[in-house]
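Subject: Structure for your review

Dear colleague,

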Amino acid sequence: MRQRSLGPGAHAVSSIGLGGMPLSIADRPSTDIGVRVIQASHDAGITHNDTADVYCLDESDIGHNERLIARALAEWGGNRDTVVVATKGGLIRPDGRWERKGTPDHLRRACEQSLAALRVSRLDLYQLHAPDPDVPFVESIGALADLRSEGKIRWVGLSNVSVQQIKHAESVVPVVSVQNRLSPFFREALETGVVDYCTERGIGFLAYSPVGGGRLNKKLATHAALLRIGANVGLTPHQLVLAWVLAQGPSVIPIPGARSVEHALSSAKVADVDLPEDTLRDVGAQEFSRA
């Protein structure tokens, strides 16, 4: 499976990762199925798991996805050292809601909890899940810089950020990766220059919700134009969209989720796909309704 750089000074990882969220939120599969999905993705060559402490049902369930990944890797027959696990802190789940909390104290506690949940002494990649408007950005980034200096995290990443925020963070700590939304439904990472900036700096761009996320990805299977275009290149609509996202820049690493082994393996096959230029243009020109 092809690889791409995760970011400056970091390992290369598979050009398609596995997003863990669908395995731990509402309508999640059983634990055994979740473990099989994770292990099957690694058997297929995927070497990057994306997770977060808040990939769970609510505050009482914090760390569910991290614990699931830890179990899957512990029971996997492959080499654990070949897999980069990226997690995030800076959100909370009171009564199942998604709220931001980027205070240094919270990030420190969250980091310690993630270390325990993932059963490691150092996190591979720790990302600020989202800037907290009630906390100075430099304070949140400073907390990650401190955790890095203490050896609790290896690499620092950001999520849901602008180019200006990336630059601000870089003045405090080396930034290895940026995780923002990118799909044909949502192209703001392209339109605002985030993908271009990451490419210029060699920063890995981890594209979350690359097939739309939630209800939107269900629209792809019946998208007439994608069915037509995909048939010409031997790809399903989901694979076609993943390949389009992958082609948006050399730093882009899509991290689709999966609730089944079949879905995970289907996504993994896209890592080695090169779409012709006319196909890329055709996909990009289609209408992707959010309605």
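**Salt bridges**

Arg97 and Asp95 form a salt bridge, with their closest N and O atoms 3.5 Å apart; the term denotes a side-chain nitrogen of Lys or Arg within 4 Å of a carboxyl oxygen of Asp or Glu. This is a predicted model, in which local features need pLDDT of at least 70 and side-chain atom pairs count only at pLDDT 80 or more, while totals for chains, interfaces and linings use all residues. Residues are numbered from 1 along each chain as its sequence is written, and side-chain values use heavy atoms, with hydrogens and water left out.

Arg97 counts as partly exposed, at 41% relative accessibility, whereas Asp95 counts as exposed, at 73%. Here buried means under 20% relative accessible area, exposed over 50%, and partly exposed in between, with a 1.4 Å probe and protein chains only.

By the rule above, the count comes to 12 salt bridges. One of them joins Asp50 to Lys88, the closest N and O atoms being 2.8 Å apart. Asp50 lies in strand S4 (residues 48–50) and Lys88 in strand S5 (residues 84–89), so this pair ties together parts that are 38 residues apart in sequence. Helices (H or I, at least four residues) and strands (E, at least two) are DSSP runs, numbered from the N terminus. Both Asp50 and Lys88 are buried.

Arg108 forms a salt bridge with Glu150, where the closest N and O atoms are 2.8 Å apart. This pair links distant parts of the chain, since Arg108 belongs to helix H3 and Glu150 to the loop between H4 and strand S9 (153–159), 42 residues apart. Arg108 is partly exposed, with a relative accessible area of 30%, and Glu150 is partly exposed as well, at 43% relative accessibility.

A polar atom of the Asp132 side chain lies 2.9 Å from the backbone nitrogen of Asp134.

**Backbone and an enclosed helix**

Most residues other than glycine have a negative phi. Asp95, although not a glycine, has a positive phi of about 55°, and it lies in the loop between strand S6 (91–92) and S7. Arg119 also has a positive phi, near 60°, in a residue other than glycine. Arg119 is in the loop between helix H3 (104–118) and S8, and it is exposed, with a relative accessible area of 58%.

Helix H10 (residues 237–246) is largely enclosed by the rest of the structure, because nine of its 10 residues are buried. Among them are Pro237, Gln239, Trp244 and Leu246.

**Pockets and cavity**

The search used a 1 Å grid over the protein atoms alone: a cavity is a set of points where a 1.4 Å probe fits but cannot get out, a pocket is an open set with protein on both sides within 12 Å along at least five of seven lines, and lining residues have an atom within 4 Å of a point. Grid points are joined across faces, edges and corners, and a volume is the space filled by probe spheres set on the points.

- The largest pocket has a volume of about 860 Å³. Its lining holds 36 residues, of which Met21, Pro22, Ser209, Gly213 and Gly214 lie nearest its centre. H8 gives the most to this lining, with four residues. Strand S7 (99–100), strand S10 (177–181) and helix H8 (214–218) each supply at least two.
- The second largest pocket contains about 180 Å³ of space. Residues lining this pocket include His11, Arg80, Asp81, Arg154 and Trp155.
- One cavity of 30 Å³ or more is found in the whole structure. The largest cavity holds about 40 Å³ of space and is lined by Arg80, Val85, Leu118, Val120, Arg122, Leu123 and Asp124.

With kind regards

Note on methods
A polar contact is a pair of N or O atoms within 3.5 Å; within protein, one must be able to donate a hydrogen and the other to accept it, and residues adjacent in sequence count only if both atoms are side-chain atoms.
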